[in-house]
Number of protein chains: 2
Amino acid sequence: MTPQTSPHAPVREVVRPTTFVEATRLGRRLGVELTIASETFQHTGSFKFRAAYHLAAQVPQQRIITASSGNFGQGLAFACQLLNKSCMVVMPNTSAKTKLEAVREFGGDVELIDVTRITRSERVRELAALHGDAYIASPYDDPLVIEGNATLGEELAASGESFDFIIAPVGGGGLTSGIIRGLRASGCPVRVYGAEPELANDAARSLRSGCLLANETEPPTIADGVRTLSLGQHNWAILRDGLEGIVEVSEEQIKESVRLLFTLANLKAEPTGALGVAALLAAPKLFCGQAVCCIASGGNVDPELFRSILAG
Amino acid sequence: MTPQTSPHAPVREVVRPTTFVEATRLGRRLGVELTIASETFQHTGSFKFRAAYHLAAQVPQQRIITASSGNFGQGLAFACQLLNKSCMVVMPNTSAKTKLEAVREFGGDVELIDVTRITRSERVRELAALHGDAYIASPYDDPLVIEGNATLGEELAASGESFDFIIAPVGGGGLTSGIIRGLRASGCPVRVYGAEPELANDAARSLRSGCLLANETEPPTIADGVRTLSLGQHNWAILRDGLEGIVEVSEEQIKESVRLLFTLANLKAEPTGALGVAALLAAPKLFCGQAVCCIASGGNVDPELFRSILAG
């Protein structure tokens, strides 16, 4: 047997390094020594490209199918463009126009669905039956996704900064599980907290109960990147012991954090990307005086929504 | 005589390196290979800290007086805080509240004036008479300012990128003259263009005529960082031969560039910081297909103004 090797450039050579922003004024305001690791300037504007590229480069299939209303779809479309593969992205017909445009701009085939008539996963199954040669990619629940996101954990470990805490958004758990995997593989013991909307607190409830729990319906949080029903199985296996804890934040704290990042750190973050800072607002005593690194996971937000958040 | 040496950390060790953002989507839209060198994450949110720190570290005086309604005041206040010096910043009583707050937050003494009763320079002269021991700092027309800003030129030369053009905003000329000085000292021949509002085109007119010309009154451009009457003498001496040219841009092109940076590059730039991209809109044939680096000089903009720009 020949070993399965990929002819493609490895993910570490393709991703852009995360952007470390020393947020002096914002940190003073919040009573911590604050660094933002911003993935807003990653290819396609969010950390999702790390996982999408790694997955697309590693699987032998030429065609990849996924369901995503947002950042994973963009990341996968651009990754496939770079790798000369093709991808189909199932998106609700209610998706933001800018996100549809971005997927198409990067050469992805958009499969619009009416979610009142068919669920995303049903449509993915239909497409999978039509295209038996395709790889069906979950945006979070896949070891390749976790490996791709682990590159961010490796960068955090290699940064030379000695953070007391890292705080990252939790939705399906792809980001936090990847960060923990990368940190630990690099021998870095820094504690990792998740930040999750109160409205979508399945991960916090899972951690408390010790069992993987799910939301009954898609949670209506403004943080559209974490509107998942539950953690993935692969993610939960890492997070149940790997996370120090999860801080639950209110919708108002998310919006306030978008404003604070904008006014005091000059950062444009999408609501999901502001969850780490929202955790500092929600649990100030937990982090007081500590060196904290918040992961700004992405910056792709509709200008109209951003305007309404800035208006307060 | 003992040589005059400074006990302070040199500017190169204190400034944050500029943030290079590969703006793939924005570049495709504008027909160039586009990199943004963003100074929006520099200390105090603009390149002005480079000059302010270098000046404050080099002059022997303990007290520094300047007039600034914006970014130089913030930069100088933070520099003096780091250097255990004091500074007075003459600001119009019409200055944006957030800019007043920032100067005070960094320990600067704000001297508010009613510009209908006294000009900034008159008040600076009064304060200079009261404080004979103080150094009077121009935000642009001072060799120390140019030397401080030259650190950005050195970084651009050392980046390993081979740009065809660099485009930077022109107001008093402190930034462009510093960049040119730093590039040439590093042996880098890359061509530098200035970007200037049509409403404030004294530098473009000066370059055309070969004589240093001035605006009669403070130009009402939305780009508040370049509302200067003319280039400084020290700056003009470098720019008259050092600049490849100046592209004049409309107010609408400035606003469109703020929106494009926001939506396609996830960057929050102040109007002055978007001038380089506005030059690409104003003179597309000049830069078509070239590798261009636009300097986003700063990100400090009032949220209300930003909202109104986003609304289009």
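Visitor: What share of the interface residues of chain A are also interface residues in chain B, and through which surface do the copies meet?
Guide: In this predicted model, the contact draws on 30 residues from chain A and 29 residues from chain B. The copies meet through the same surface, because the share of chain A's interface residues that are also interface residues in chain B is 97%.

Visitor: By what turn can chain A be laid on chain B?
Guide: Two copies of a chain are related by a rotation about an axis and a shift along it. Here the shift along the axis is 0.0 Å and the RMSD is 0.0 Å, with a turn of 180 degrees. The two copies are therefore related as by a two-fold rotation axis.

Visitor: Which three residues supply 25% of the area that chain A buries against chain B?
Guide: Between them, chain A and chain B bury about 2,800 Å², with 53% of it on carbon and sulfur atoms. Of the area that chain A buries against chain B, 25% comes from a trio that supplies more than any other three residues, namely A:Arg25, A:Asn266 and A:Arg307.

Visitor: Which residue of chain B meets the side chain of A:Arg25 in a salt bridge?
Guide: The rule finds four salt bridges across the interface of chain A and chain B, and 17 residue pairs in polar contact. In a salt bridge with an N to O distance of 2.9 Å, the side chain of A:Arg25 meets that of B:Glu105.

Visitor: Which element gives the most to the side of chain A that touches chain B?
Guide: Several elements of chain A each supply at least two residues of that side, among them β1 (19–22), α2 (24–30) and α14 (303–311). With five residues, the element that gives the most is α14(A).

Note on methods:
Residues are numbered from 1 along each chain as its sequence is written. Chains are lettered from A and ligands numbered from 1 in the order in which they are written. This is a predicted model: local features need pLDDT of at least 70, side-chain atom pairs count only at pLDDT 80 or more; totals for chains, interfaces and linings use all residues. Side-chain values use heavy atoms; hydrogens and water are left out. Contact means heavy atoms within 4.5 Å. Buried area is the accessible area (1.4 Å probe) that two parts lose on being put together, summed over both. A polar contact is a pair of N or O atoms within 3.5 Å; within protein, one must be able to donate a hydrogen and the other to accept it, and residues adjacent in sequence count only if both atoms are side-chain atoms. Helices (H or I, at least four residues) and strands (E, at least two) are DSSP runs, numbered from the N terminus. Copies are superposed by least squares on the C-alpha atoms of residues with pLDDT of at least 70 in both.
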